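Biologist: I am new to this structure. Please take a close look at one part, the helix packing, and then at its backbone.

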Amino acid sequence: MAAEPETLERELGELLDVERFEPPADFVRRARVTDDSLHRAADKDPPGWWREQALAVLDWVKEPQQALDDSNAPFYTWFADGTLNASYNCLDRHVEAGRGDRVALHWRGEEGEERDLTYADLLADTQRFANALKARGIGRGDVVGIFLPMIPEVVVAMLACARIGAVHNVVFGGFSPESVKERMLFSDAKALITADGARRKGKLAAIKPAVDEVMGEVKTLDTIFVVRHADNDAPMTEGRDVFYDEVLQAADAECPPEELPAEHPLFILYSSGSTAKPKGILHTTGGYMTGVTWTHREVFDLRPDEDVFWCSADVGWVTGHSYIVYGPLSNGCTSVMYEGAPDYPDKDVWWELCERYGVTIFYTAPTAIRACIKWGAQYPERHDLSKLRLLGTVGEPINPKAWLWYHKVIGGGRCPIVDTWWQTETGGIMITTLPGAQATKPGVAGTPLPGIAAAVVDDQGEELPHGTQGLLSLTRPWPAMLRGLYRDEDRYVQTYWAKFGPRKYLVGDASKQDDEGYVSVIGRVDDVINVSGHRLSTAEVESAIVSHPKVAEAACIGQADEDTGQAIAAFVTLEGDLEGDDAMVAELRDHVASRIGKLARPKRIIWSDELPKTRSGKIMRRLLKDIAEGRELGDVTTLKDPDVMAQLEEKIKIAQAEEG
Ligand code: WTA
């Protein structure tokens with residue numbers, strides 16, 4: 001029954017005062033964990049406890065005797081004397097246990113196409129594709145780029161790399177070919193797996209020709225595999241390019257998994273940092289697989305034989321790596337994978353899929369929930385969501401209003417919500433609540449998981465009293481932690497371990513803790529902007545804008561935004577006497593889209609004759625933020641030319657009046 005919007009508003013309003021939601025009795029009755037026994041057990045001997053989990057959740061070729069080695073901190077290793085294979089753990093072991101017929105992925109295409117892939121299907125394709133990779137000279141330690149839409153082939157490609165010890169480097173499909181090229185260059189990729197085209201809301205984007213334009217510069221690249229997906233022409237270069245389906249056909253059916261050391265690299269994933277150059281975050285096999293398998297099982301209270309799990313992220317982000325591919329497949333459960341947008345063909349497509357496949361656990365981002373709120377409760381109300389039993393969020397802080405709407409409208413008031421805090425660097429979930437054991441508090445992520453330790457500290461690394469805002473730090477190494485930045489050891493140490501030393505990992509988020517030790521994460525403290533849960537670097541966007549010939553200078557900031565959490569505002573100074581106008585705004589936004597991707601386009605561009613700078617010439621972004629958010633200006637005494645601020649304030653007022 002559809003509730004009247006006013007009734008819903010009233011009910012949500014009443015809930016706004018509720019600060020904590022205890023685990024519902026019905027949920028607790030069957031929950032895996034219902035008390036703090038895991039937290040306590042782990043605290044006694046964290047590395048030893050993690051080793052027990054590693055043995056319990058994974059199949060090893062050689063079981064590790066070692067757990068943590070911190071003798072060379074911050075270059076930590078885990079389970080270093082063990083050997084295993086990630087694709088074996090995701091596929092073979094389930095097939096060998098007689099579960100080959102279980103659906104691994106219910107795949108739904110943009111235009112409503114459906115494909116169910118069983119564990120046996122995935123294993124068959126993965127072995128063939130692994131052989132195809134080998135046939136092109138790819139082996140242990142070689143980097144393979146993957147630039148694909150949300151199609152099952154992306155999972156096969158990742159697992160085929162893992163099978164032979166090649167290191168995948170997935171680039172999110174929303175990035176530009178220019179960004180793909182950069183990531184292939186940085187990592188000396190030997191091959192790239194891409195598609196003839198991508199579909200989005202009824203439109204087709206050609207991928208292959210765009211990739212071809214830039215890929216010539218990547219001298220290490222010997223092979224481009226092309227998945228025929230969108231019925232689109234794909235120009236093929238003789239000797240270099242091959243069609244995925246053809247090589248799959250031609251390949252041998254059997255490819256035994258390589259026995260790999262636990263510390264063998266599994267993947268690199270580029271993520272934005274404080275400078276314009278993205279960071280190649282490196283994860284290895286044993287620790288990462290332990291972390292994602294364990295967290296996927298315990299945080300989502302998984303029953304692999306019954307649950308249908310859906311993580312709505314894109315596989316090109318870490319959330320997709322950990323909770324579409326490695327976690328769910330390692331646990332042998334059934335998942336949903338959806339190619340398209342949440343509002344195509346209509347705004348109820350997600351809920352239609354939940355009903356159709358009987359989704360029991362749904363994991364998404366706050367920004368998506370806010371979009372759904374805007375569209376209205378009538379869309380979810382068209383569908384039977386009664387199978388849902390647990391909900392999750394990730395990627396950015398969730399405002400209590402969105403939390404309550406999710407709880408009420410999607411969860412029918414009966415599903416616990418796990419607000420999961422983590423990062424590309426952490427590999428898997430770090431701070432949240434175990435849903436059968438811990439109360440949830442809207443807008444508050446939760447406590448560190450068993451085996452994980454965190455603290456809120458001041459600038460010197462001293463722990464702050466509860467209730468005081470400070471910097472989040474992780475104070476104990478954990479198995480799924482990044483092992484470094486690809487080919488950039490100095491930057492690894494500088495970014496995460498220089499501020500507080502090699503034992504206190506600097507997260508880069510502001511946060512505070514309450515008296516029960518629950519952590520609220522407030523947002524980034526560095527020059528990273530979180531747009532719809534996507535990490536972008538102000539420096540990267542600035543350098544894209546400045547690369548336009550008509551631009552003299554640019555500074556970007558993140559502005560609070562109702563829909564996307566944060567949005568990018570760019571202050572731009574044009575060359576010479578050029579005047580900014582609407583056409584120029586469009587030109588710059590297009591330019592950024594072609595350099596980085598559409599997701600990085602600034603929402604607002606503010607033309608400024610000059611930018612506020614210190615005497616040494618550093619742009620003072622803090623002041624730009626103050627102006628853009630209409631705050632009282634902070635300290636301006638270090639400014640070289642204080643008049644600049646007055647002029648900018650005037651500009652902002654005019655811009656806002658025009659928008660309003
Ligand atoms: C933010 C995504 C508040 C945070 C898995 C972090 C969150 C950054 C939450 C990492 C959450 C992630 N509550 N903030 N539940 N989850 N963040 O690397 O600022 O894309 O540092 O990893 O997202 O983003 P990344």
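Modeller: Start with helix 5 (residues 86-99) and helix 7, whose axes come within 7 Å and cross at roughly 120°. This is a predicted model, where local features need pLDDT of at least 70, side-chain atom pairs need 80 or more, and totals for chains, interfaces and linings use all residues. Residues are numbered from 1 along each chain as its sequence is written, and side-chain values use heavy atoms, without hydrogens or water. Helices here are DSSP runs (H or I, at least four residues), as are strands (E, at least two), numbered from the N terminus. Axes are lines fitted to C-alpha atoms over the stretch in contact, with angles from 0 to 180 degrees between N-to-C directions.

The crossing of helix 5 with helix 7 is left-handed (the near helix is turned anticlockwise from the far one by less than a right angle; clockwise is right-handed). Helix 5 brings Ala 86, Ser 87, Tyr 88, Cys 90, Leu 91 and Asp 92 to the contact (heavy atoms within 4.5 Å). Helix 7 answers with Leu 159, Ala 162 and Arg 163. By class, six residues of this contact are nonpolar, one is polar and two are charged (Asp, Glu, Lys and Arg are charged; Ala, Val, Leu, Ile, Met, Phe, Trp, Tyr, Cys and Pro nonpolar; the others, with Gly, polar).

Now follow helix 7 (residues 152-164) to helix 12 (residues 318-330). Their axes come within 11 Å and cross at roughly 60°. From helix 7 come Val 155, Met 158, Leu 159 and Ala 162. From helix 12 come His 321, Val 325, Tyr 326 and Leu 329. Seven of the contact residues are nonpolar, one is polar and none is charged. Leu 159 and Ala 162 of helix 7 take part in both contacts.

Next, the backbone. Most residues other than glycine have a negative phi, and most peptide bonds are trans. Ala 73 and Pro 74 are joined by a cis peptide bond, with omega about 5°. Pro 74 sits in the loop between strand 1 (68-69) and strand 2 (77-78). Tyr 344 to Pro 345 is also a cis peptide bond, with omega near 0°. Pro 345 lies in the loop between strand 17 (334-338) and helix 13 (349-357). Asp 188 has a positive phi, near 50°. Its loop runs between helix 8 (177-187) and strand 8 (191-195).
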